[in-house]
Structures are given as C-alpha cells and as structure tokens.
Amino acid sequence: MDRKIALTGDRPTGCLHLGHYIGTLKNRVALQHQYDQYVMVADVQALTDYFANPSKIQESLLEVVADYISVGIDPNVSTIFVQSQISALPELVMYYMNLVTTSRLERNPTVKNEIQQKGYGDTIPVGFFCYPVSQAADITAFKAEIIPVGEDQLPLIELCNEVVRRFNRTYNTDCLKEAKAQLSKTSRLVGIDGKAKASKSLNNAIFLSDSADTVKKKIWSMYTDPNHIKISDPGRVEGNVVFTYLDAFYDEKDEIENLKAKYCKGGLGDTALKSLLNDVLQKMLLPIREKRATLKKKDLLEIISEGSKKAAIIANQTLQEVRNAIGINYQSML
Ligand code: ATP
Ligand code: MG
C-alpha cells in the first residue's frame, strides 16, 4: 500500500525546546505511524545563519537527533537524515530559483520578519535570502503532502506551493506535489520571558535536555503579572506565561480554569502556580531525559548515515523527473 509522505525538520543550531515539542515533535511522533515520515536535520539551512561558525552546527547535529529519539521519533519507523548529505537538493534549488522573484521573497512575511530580527538592512546575504527556495527543494524532493510545523512556517509553505504550481505549469508536468502544513493546537509557544515565541536564538526557552534544576530555575524566572505582588492581589491571566504553559502542557483543563478564576480574584500566589507547572513539566520531561541518557554517539551516527542513504535515493528520483520535465536529462536521450 502506498503511504502518504510527511516531511519535517529543524536547523541544528542548538538543542530542541518545549516550543518544538508542543509545536511539531508531538505531531511527528503521532504522524510516523500514518505517514512515511522523513525528518531532516537542516544543516545547510543552518549555515545561512552560522556560515562563519560551523562548529555550532557540528556540535548541535547529534543533539537534535538525540532530541528526536528521546521524544519518541523511532528511527526504525521514520527516516532521519541530514540535508547536506543529499546532493540532489542544491541542484533542485538552482532550477527553482528561476521561478521565484526577489520581490516575492522580500514580501514573504517570515523572511521580512527575520531580516528585521537579524538587522540585515540592505546587506542581506544571498544564501539567507534564498533559503525559502531551498526549503521548497526539501519539501518537493520527497513529494511530501504533510508538513508538521509551527505557525511561522506557513508563509514558507505557501511559497513552496507557488514554486510547485509554477514548475508544473511551466514544464507541463505534474511531477511536483503541493504540500499542506499541519499545525498543532499550540503552534507558537511564548518564551519564558513572555516574548512572542520561545526560540533557540532568543535564549528564552526550556530545552528538552535541560536538567531538572535548570527547568525549575527557568520556571521560577517566568514572566507572570508584574502587578500581582501580594497573594491577595487580583492577578492577570492574559500574558501570564505560567498559565500559557499550563494551558499547553497540563491536561487537567477544569483545574486550570479554577486556578485562573482564583488568580483573577486574588488569593493564589505565583509560587503555588509555578510549583504546579514545575511538577507537570518535570513529570513530562523525566522519561525524555532518561531516554536521552541511554543514547550513544555511535548509534546516532549510524542512524543518520542509514537515513541519509535512503533519503538520497528518493530525492534523486525526483531530481531525475525534474530534469526530464525541463528537458535536460541528456543521459536519457542517448
Ligand atoms: P531559531 O531561533 O534558530 O530560529 P527556533 O527555536 O525558532 O530556532 P526553528 O529551527 O526555527 O526553531 O524551528 C523549527 C520548527 O519548530 C519550525 O517548524 C517552527 O515553526 C517550530 N517552532 C519553533 N519554535 C516554536 C515555538 N515556540 N512554538 C511552536 N513551534 C515552534
Ligand atoms: Mg526559528
């Protein structure tokens, strides 16, 4: 039976955090049994940020693979591979770049936001500027139908689908497939500082590999309500990170509602609330941390080596179809 394909991935620029867990990793664990799932460690994309500091990527690569396996992505079920090992991908990028205008990239909300965040001004490296095209190559190479992602990725998937439509129309083919984003209920987890998004680069995240102590410290530093000073003071739930995390990670919804009501009225302290969140997160993270401790470097290397071999075969098949469609597969003309 032909199974549908899911593609997903992360840049190895640090360990994965609770935003990844709730935004994509949990979905991937579930999806792997319904789809042929490819999970890509996007080291080439990471170079667009870290080209001058590749050791960061080297150090993070196996950490990310360890994160995958510790949350339950099973390398015998999902194919875990490394982007730089798939030589068909950059060739696809060359063909797709003809189909995307610079103004389209400039106007893409995700790219626009990142250009601002990184303070590039008018000195944007071409490599960074083109990463959405590279992402289109990653997705289409595997003919992925489903992409489990966080909210920030939606404009990039839309751009990928534009490339697909333009390619198929231009070369009168249907060899490329459009993809659908799959968002989780929490598709944008806020940072512990209350900032828009928990993220590696903003250093405001709880990492899956953090020690129990670090997790506790981070919870205790969480942004709550600066006007809620005495326990008896009425407090605000909106923008209160502890409640946001309880909403995301605690299944006892009725209890959360009761706590919210009590907090708003006055009479519930931040410490009691943080203790509850600490219990919830420690319980969730313990088996992940324990699994992580059993993983060996040699096995992780073996997993990405095998996964990359398998992924290369699939991507190469698509590349041949793309060359055929354009009419530059001279080998097949001989
Ligand atoms: P960086 O700070 O380097 O951009 P990041 O922490 O934002 O790193 P990415 O590698 O950009 O992580 O994201 C990988 C995937 O995880 C994407 O699909 C993204 O949407 C999702 N993701 C990242 N952070 C969050 C979050 N806070 N909430 C939900 N999903 C997230
Ligand atoms: Mg990001």
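**Exercise 1.** Find which helices and strands each supply at least two residues of the lining of the largest pocket.

*Solution.* Start with the terms: helices (H or I, at least four residues) and strands (E, at least two) are DSSP runs, numbered from the N terminus.

A note on the model: it is predicted, so local features need pLDDT of at least 70 and side-chain atom pairs count only at pLDDT 80 or more, while totals for chains, interfaces and linings use all residues. Residues are numbered from 1 along each chain, chains are lettered from A and ligands numbered from 1 in written order, and side-chain values use heavy atoms, without hydrogens and water.

**Exercise 2.** Identify the residues around ligand 1.

*Solution.* First, count the residues with a heavy atom within 4 Å of the ligand: there are 20, and R11, D152, K197, S199 and S201 are the closest. Next, look at helices: α1 (residues 18–31) gives the most to this shell, four residues.

**Exercise 3.** List polar contacts (N or O pairs within 3.5 Å) of ligand 1.

*Solution.* Take its nitrogen atoms: one is 2.8 Å from a polar backbone atom of L189, and one is 3.4 Å from such an atom of G19. Then take oxygen: an oxygen atom is 2.7 Å from a side-chain N or O atom of S199.

Definitions and conventions
Polar contact = N/O pair within 3.5 Å; in protein donor to acceptor, adjacent residues only side chain to side chain.
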